[in-house]
Amino acid sequence: MLDLAIMLAVLVCSFIIGYLLISRVPPLLHTPLMSMTNAVSAVTVIGALLLFAVETTGLEKALGVFALITATFNLVGGFTITDRMLRLFRSDEHHQ
Amino acid sequence: MTTTLALLVDLAAIVLLIAGISMFRAPQRARLGNLVAALALTVAVVLVLRRHNVTGLPLVLTGVAAGTILGWIVAVRVTMIQIPAMIAFQHGAGGVAAFLIAFVELTRSAGALTPVTRFSGILGLAIGAATFSASMVASGKLAAKLRSAPVSLRFHNGWLWLCAAFIVGAGIALLLEPASGAPAYAAGIIIVAAAAGILFSIRVGGADMPVLISFLNATAGLAAAFCGVTLENRLLIAFGAVVAASGSVLTLVMCRAMNRDLLKVFAGFTPAAAPAGAAPEHHEPKSPGVPPEDPFLAAVDALKEAESVIIVPGYGMALAKAQFKVVELAGLLERQGKQVRFAIHPVAGRMPGHMHVLLAEADLDYEQIFDMADINGDFASTDAVLVVGACDVVNPAAMTVEGCPISGMPILLAHEAKRVIVCNLDSRPGYSGVENPLYESEKAVLLWGDASDSVSQLVTRVGGEA
């Protein structure tokens, strides 16, 4: 029961903090923001790894590996694209 | 597992993620923020590997390597013009991972799940599958592989309700009768939720894409968070919830910028009816209020006489890949001593911030880009506005006409400037179907045709005769 309470608290708090922080991101960075949070949603890679933490059947292994591939694709792709995008943003006033 | 130390370590990883996101408040630090967020995710993965005995390492590593290589290859090859379609595709990949995880958990550890974690798994399953299919449709529309016009079937809402009823029914069955038939119920939910995702997204048209793509951002995070509850993993919950929050913020910002509520956007969009009997011929380039012999001459004169210029880009600039020419023209005008600024409407383009990325690609200094609220007061004192591939976001009908699809939508006040040069493909109304009275105005100089060509001509003639 305590675990459940902690999980719900984590869910609600993370949502609220995320909401407050992201409300302050300027439109200039909305695309990179979405691209970055998209990469963060690849945190499902943790879930895919956890599938392998107990005994697995052949089918479960196959599905698990597929989940791993899509999640890491999302993770690596997302952060790399975001970085490429952010490298494009420049300002003469802020570049020394 | 739930020792205080473990909790603190988890909190540290979450704080790291939040620190990364908070760096997105200013462009100078955003790149570092991205790296910090990536680090937070790496920490989360390492923690899971340390705490749990992950078996079948060769297989796991193969999967990770394959995903990494694929992700990296695609990420370095994608061009900025493909970014919206790519991001939608990745939302879909997130959805796939979520529903696969939920499927495996629901069908195997039938006894181990509590009602709450099982319920959460069912939500992860349905939301993940719907996110996947809806994202594929969105990605197809954004890549112009599917027609971007909204598609409404007969009984569209009826079909959606039917899908929802099936998911609820199968979900209850899965909740009450976990032992027998779990794989069948779970697979059924995946299939029907995927169908619902398609029904849901085909009805959203091109210019409403910023809302859809933001919404899918949120649901991908939500699906991850629900998987986290099923697996009782705090990090997965927290990271997923932060993403869900981010997508929700962007969804609301986009809706507000169109003065439409979310349900109306997703209920499908009916463009303003064309005047009775209006055939496509009706939209042949028509002459403006005062037809100049050569509109380019008038446009070049207006730009040369102007001391202050505001450029308003829209999706048409992206389509025509005109951003490079536009930035070249801006540089040219600036060197002639004029004040040149860019005004960007929040929903210009096909995703939040789309125009900013394209202009950054064309090497524009972001200090020259202004948001609607910051620049709208300046249009009245501006000599010339150059509209490139935008229509609805500068359509004064939003303010003057009651009851049309864009009534009440905040617009950029381009019509208040002394001259307005419009570089659009043709005189057809924008996505909303509402005729733009700006085109009839005496202030307007209309340059129909490919925006890249039109702006190139302006560059040549403004530069050549300077």
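Between domain 1 of chain B and domain 2 of chain B, the count of salt bridges is zero. This is a predicted model, and over all chains the structure holds twelve salt bridges. Three salt bridges are found across the interface of chain A and chain B.

- Chain B is divided into domain 1, covering residues 82–266, and domain 2, covering residues 285–464.
- The centres of domain 1 of chain B and domain 2 of chain B, taken over C-alpha atoms, are separated by 37 Å.
- Domain 1 of chain B contributes 19 residues to the contact, and domain 2 of chain B contributes 13 residues.
- About 1,400 Å² is buried between domain 1 of chain B and domain 2 of chain B, with 72% of it on carbon and sulfur atoms.

**The interface of chain A and chain B**

- The contact between the chains involves 79 residues from chain A and 104 residues from chain B.
- Chain A and chain B bury about 8,400 Å² between them, and 77% of this area lies on carbon and sulfur atoms.

**Salt bridges**

- Side chains of opposite charge can pair when their charged atoms come close.
- A salt bridge joins the side chains of A:Arg90 and B:Asp363, with an N to O distance of 2.8 Å.
- Within chain A, the side chains of A:Arg87 and A:Asp83 form a salt bridge with an N to O distance of 3.8 Å.
- A:Arg87 and A:Asp83 are separated by about one helical turn, because they stand four residues apart in helix H4 (residues 58–88) of chain A.

**The second largest pocket**

- The second largest pocket has a volume of about 790 Å³.
- The elements of chain B that each give two or more residues to the lining of the second largest pocket are helix H5 (115–142), helix H6 (156–176), helix H7 (182–202), helix H8 (209–231), helix H9 (234–258) and helix H10 (262–266).
- H6(B) gives the most to this lining, with seven residues.
- The lining of the second largest pocket consists of 28 residues, and those nearest the pocket centre are B:Ala130, B:Leu160, B:Ala196, B:Phe200 and B:Phe215.
- By residue class, the lining of the second largest pocket divides into 22 nonpolar, five polar and one charged.

Note on methods
Residues numbered from 1 in each chain as written. Chains lettered and ligands numbered in written order. Predicted model: local features only at pLDDT ≥ 70, side-chain atom pairs only at ≥ 80, totals over all residues. Heavy atoms only, no water. 1 Å grid on protein atoms, 1.4 Å probe; cavity = no way out; pocket = protein on both sides within 12 Å on 5 of 7 lines; lining within 4 Å. Points joined across faces, edges and corners; volume = space filled by probe spheres on them. Nonpolar A, V, L, I, M, F, W, Y, C, P; charged D, E, K, R; others polar. Domains from an automatic or database assignment. Contact = heavy atoms within 4.5 Å. Buried area = accessible area lost by both parts, 1.4 Å probe. Salt bridge = Lys/Arg side-chain N within 4 Å of Asp/Glu carboxyl O.
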